[in-house]
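Colleague: I'm new to this one. Can you walk me through it?

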Amino acid sequence: MEIRPIRNRRDHAEALVEIERLWSAKAGTPERDKADVLIRLVEAYEEDRFPIDPPDPLDAIRFRLDQQGLDVSA
């Protein structure tokens, strides 16, 4: 796979397949360098196309309390 900008879902899918193929490459090798670059490109594409808004602070607190088995009165 040639390294190029990720512009659409097909490019994204191809990059993910290539990353998976290169996942176990050893640090310092050209294969690992390629994986690192592709990972950065995928991250940028996903942040742009699929942004995740931060949670409402009160909802986050309530969620954390619920996860710990506590309630607001504790």
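Predicted model: local features only at pLDDT ≥ 70, side-chain atom pairs only at ≥ 80, totals over all residues.

Colleague: Where is Gly69 found?

Modeller: In the segment after α3, the helix covering 57-67.

Colleague: And what separates Gly69 from Asn8?

Modeller: Their C-alpha atoms are separated by 43 Å. Along the chain, Gly69 and Asn8 are 61 residues apart.

Colleague: Let's zoom out. How many helices and strands does the protein have?

Modeller: Three helices and zero strands. Along the sequence, the pattern reads α-α-α.

Colleague: What is the radius of gyration, next to that of a compact globule?

Modeller: The protein has 19 Å. A compact globule of 74 residues would be near 11 Å. The C-alpha trace spans about 55 × 30 × 15 Å along its principal axes.

Colleague: How many of the residues count as buried, in percent?

Modeller: 16% of the 74 residues. The accessible surface comes to about 6100 Å². Carbon and sulfur atoms hold 54% of that surface.

Colleague: What about contacts between residues 24 or more positions apart?

Modeller: They account for 43% of the contacts with a separation of 6 or more.

Colleague: Give me an example from the start of the chain. Where is Ile3?

Modeller: Ile3 is in the segment before α1, which runs 9-22.

Colleague: What does Ile3 touch, leaving out residues up to four places away in sequence?

Modeller: Lys34, Val37, Leu38 and Leu41. Ile3 and Ala35 are 9.8 Å apart in space, C-alpha to C-alpha, and 32 residues apart in sequence.

Colleague: Switching to Glu46. Which helix is that in?

Modeller: Glu46 sits in helix α2, residues 30-49. With 30% relative accessibility, Glu46 counts as partly exposed. Setting aside residues up to four places away in sequence, Glu46 touches His12 and Pro51.

Colleague: How is Glu46 placed relative to Ile3?

Modeller: The C-alpha atoms of Glu46 and Ile3 are separated by 17 Å. They are 43 residues apart along the chain.

Colleague: New topic, aromatics. How many aromatic pairs turn up in the whole structure?

Modeller: One. Tyr45 and Phe50 form that pair, and the geometry is edge-to-face. The ring centres are 6.2 Å apart, with 75° between the planes.

Colleague: Why edge-to-face?

Modeller: Because planes over 60 degrees apart count as edge-to-face, and here the angle is 75°.

Colleague: Is Tyr45 buried or exposed? And Phe50?

Modeller: Tyr45 is at 6% relative accessibility, so Tyr45 counts as buried. Phe50 is partly exposed, at 38%.

Colleague: Last one, charges. How many positive and negative ones are there?

Modeller: The protein has 12 positive and 17 negative charges. Their mean positions are 6 Å apart.

Terms used:
Residues numbered from 1 in each chain as written. Heavy atoms only, no water. Phe/Tyr/Trp six-rings, centres within 6.5 Å; stacked < 30°, edge-to-face > 60°. Buried < 20%, exposed > 50% of the residue type's maximum accessible area, 1.4 Å probe, protein only. Helix = DSSP H or I, 4+ residues; strand = E, 2+ residues; numbered from the N terminus. Rg over C-alpha atoms; globule rule 2.2 N^0.38 Å. Contact = heavy atoms within 4.5 Å. Areas by Shrake-Rupley, 256 points an atom, 1.4 Å probe, with all protein chains shown as cover. Lys, Arg positive; Asp, Glu negative; His and termini not counted. Charge placed at Lys NZ, Arg CZ, Asp CG, Glu CD.
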